[in-house]
Amino acid sequence: MGLSANLGALGLLVEVIVIMIDVVGRFFGSPLYGSQDMVTMGMVVLVFGGMAMCDRDGGHIAVDLLEPRFSPAVNRFIDIISALLGAIIFLFIAYAIYESAKLSIMLNLSTNLLRLPKAWFQWGLAAFSIVTALGMLLRAAELSLSGRDIRREKATEL
Amino acid sequence: MSVEVTGFIGLATLLVLLAIRIPVAFAMFLVGFVGICALKGWNAAMSLLSSETFTLASSSELVVVPLFILMGNVATATGMSRQLYTAAYAMIGHVRGGLASATVVGCGGFAALSGSSVASALTMGKVSLSEMERFKYDQRLSTGVVAAGGTLGILIPPSTGFVIFAILTEQSIGRLFLAGVFPGLLLLMMFVLTVWIICWIKPELGPRGPRSSGAERLRALTGALPILLVIVVTIGGIYGGLFSPVEAAGVGAALVVIYGIVTRTLSFAAFWHSARSSIVTTATVMLILSGAHMINPFLALSHVPAFVGGALVALDLPVLVILALMLLMYLILGCFLEGFAMLVLTLPIFFPVVLQLGIDPIWFGVLVVLTLEMGLISPPVGINVFIVKSVAPKVALGDIFRGVTPFWFAMLFTLIVLIAFPQVSLFLPNTMFN
Amino acid sequence: AEELSFANFTPPFHTVNASVIEKMNADLMAATDGEVSVRGYHGGELGAGPVEQYVRVVQGAADIAWGLPGYTSSQFEKTMIVELPGTLSNEDDGYAAMWAAYDAHLAGEFTATVPVAMWTSEPNVLIMKDKVVRTPADMAGLKVRVAGATAAEVATALGATPVQMPINQVYNALQTGLIDGVITGSSTLSDFKLDEVASSYTFGANLGRLAFYAVMNEAKYNDLSDAAKAALDSSGNTAISKSAEDAWNATSDAGVAAARALDDNTFVDLSEAEAAAFADVIAGVTGAYVAKVGGEDALAAMQGN
Ligand code: NA
Ligand code: NA
């Protein structure tokens, strides 16, 4: 998870550098070739690179209006269900994207200028999704076995 | 079972899932996926699951989201946000709720830079929330101000909302942008007035500070020069044709990072922490948007918007009543749907009626965009409130919704003013274009 | 009765709706006594944006979708030849050229789908702001928005600086002066409101055009009755493709007429000699592309040789 977040942060750094080179270069009449390809594909890496850490940090937003009305046991049960549901959703996303990647290879899909194969980024996205799903499964297991919630511990650390 | 019934069951299920605290994005993915499965089959649902997540994550417009968050994070890490709010405090800290009003004005300024409400709320939230906390402002007030102020992003040009409206209805983008200027300023003033009234009733929410001397003000303003300069350069670069609004986010982020390196206020560790925190916030936001994109095809396949719109149009009522009913529909749909999805689903049904009834399309566009903004802050699916929650994890979502309520009423009041006085919207486009 | 879903990423007012989606619906209903119909899902209701349209059909999110080969040009290396300057004259019918080359040269690029219409846009023109272009030399150093790699080479050959950006950001970029112009079809004048910000137009140079496809899921297509298949363009009929191309030209003509009616615009209609100057500068680009993708035969078929 730390690794995927670091890759995501690297993606963001690349994004800033590419845009700056492009903007300054264009001013002098030589924009960066394929900058848009780099920016959009870098975006894929950074968005999904942050996914696993997002769950770890308790970043997924829920409507907590009724939380005080539920008993602690009910709230814990909901937390476990949410984590499991999240894990299933991310496994589905991983599988769906993996299947699409096969199609991308069959259709020879790539970015328009730099010809970066689309399947590379789909595989990356699928891998990040699996890491995210595993993190959620781990959290569901911790919650049901010991009642330990990694998200609360993180929140008090901050 | 008719497809419409499936659609309504899906919406009801979404409500229940949200009420029992299932994370918003997960609930939308679940309802959207199962709904598409029911209406169009497994293959279609899997296809949309993969294409909507990938398309959104590779969107060249949403690049502004991580970049603006990075800009906000680094501005905070280097102390630039603090300098900005120290200056604002020196200027108007002695006024009740002065910093909250300053934040509204800041949101208005940022709206001239950004076409999206999400980016506005994120960046302003990053910059302003901890600062208002520093000066003992109540968190309901501060988060409410940011969630509401962020919506100025799509009323004050440039605006992605108006661009989508223009393309869906074949109206002039230029006219719509101009039509948004006065309503945007009016709404901004209403927000400031709302802050003032809140703090007049409950002064402890936005406590007064001491009045600063002229020398203190000058010193504070000088301290805020770097961040003011970054903002001026970024806005100036867009209007001067040096870079696009999307690239402006990258330039702004680069400028604050360069400032941090030059002044040695940003270590590599602090930069990396800011970058990681930016992508985590981005992930939160993008997952919610992806979920909204799964609900959109589900509702389209269920024909629910067409059904509701058709029923409305069939009523034989006076023009103003139909207009009010259409806006009411946007208010209700806005409780569930992301704003742009709503435009796509409803305009094809409503817009021909609008033309037929002789309602000015530009005026209608302003009213619709303002109503969409109200949807962005109304429960249960209030995207802007979720955005603020993602930058203020410690504040309960309920508190943010409560904090934003007075501003919702300010928007409602503004909407009524705009309906009563179409000139407010139409004066500028009609004089500039004719 | 069967209702086929047609994914349209543009608004329902777009040219494609009446000329392709509604026509296909009418033709199929007529051919099958109302057994098979088509319902359009507009504005990206079945998934946002043009890039994934082909994949949506293969995977079954939609039964039919339309799109631009240019958005996934790596898939359509030979189909893209029809877009290049000089492949066709500005008066040639693009749909006819595409169908002429389809069976022998392009079919391999349409995996797992059946094209039910193929057509091209009106010819590309130069849409500029504040810069009047009459000769290739007038383009020197100007920033011009282009869509793809070959278009970027065309711009470079003309001495301009190619800038890559999505079409929906062009309005703002022209307005602020970020770009000086764009090479694209004149239907964008109304489709993307470019007439509000552009002030100078150059017609007559052969700058290529855009290609379009409407494809249907292969399995769905095979399940259709022969009567239904006959109503679609895959069966040697080109009625829908022609309808689309005519409609594109009509939209473009209307946009140009509206722009010409405004007196603050400059219109440059190049003479044959002036147009030839552009053709000379660009000629190498098309030849190099065709050689690179081994598309000599496809090019010949499109040109009717
Ligand atoms: Na704006
Ligand atoms: Na809402």
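This is a predicted model: local features need pLDDT of at least 70, side-chain atom pairs count only at pLDDT 80 or more; totals for chains, interfaces and linings use all residues.
Next, show chain B as a cartoon. The chain has 20 helices and 0 strands. Of its 434 residues, 64% count as buried. Consider the contacts in chain B between residues at least 6 apart in sequence: 79% of these join residues at least 24 apart.

Now display chain A as well and select the residues where the two chains touch. The contact takes 61 residues from chain A and 53 residues from chain B. Together the chains bury about 5000 Å², with 79% of that on carbon and sulfur atoms. On the chain B side, select B:Arg21, B:Phe26 and B:Phe54, which lose the most area to chain A and together account for 17% of what that side buries.

The interface has 2 salt bridges by the rule used, and 8 residue pairs are in polar contact between the chains.

Last, colour the helices of chain B that supply at least two residues each to the side touching chain A, among them helix 1 (3-19), helix 2 (24-40) and helix 13 (268-302). Which helix gives the most to this side? Helix 13 does, with 13 residues. Coloured by residue type, the side of chain B that touches chain A divides into 38 nonpolar, 11 polar and 4 charged residues.

Methods. Residues are numbered from 1 along each chain as its sequence is written. Chains are lettered from A and ligands numbered from 1 in the order in which they are written. Side-chain values use heavy atoms; hydrogens and water are left out. Contact means heavy atoms within 4.5 Å. Buried area is the accessible area (1.4 Å probe) that two parts lose on being put together, summed over both. A salt bridge is a side-chain nitrogen of Lys or Arg within 4 Å of a carboxyl oxygen of Asp or Glu. A polar contact is a pair of N or O atoms within 3.5 Å; within protein, one must be able to donate a hydrogen and the other to accept it, and residues adjacent in sequence count only if both atoms are side-chain atoms. Helices (H or I, at least four residues) and strands (E, at least two) are DSSP runs, numbered from the N terminus. Ala, Val, Leu, Ile, Met, Phe, Trp, Tyr, Cys and Pro count as nonpolar, Asp, Glu, Lys and Arg as charged, and the others, Gly among them, as polar. Buried means under 20% relative accessible area, exposed over 50%, partly exposed in between (1.4 Å probe, protein chains only).
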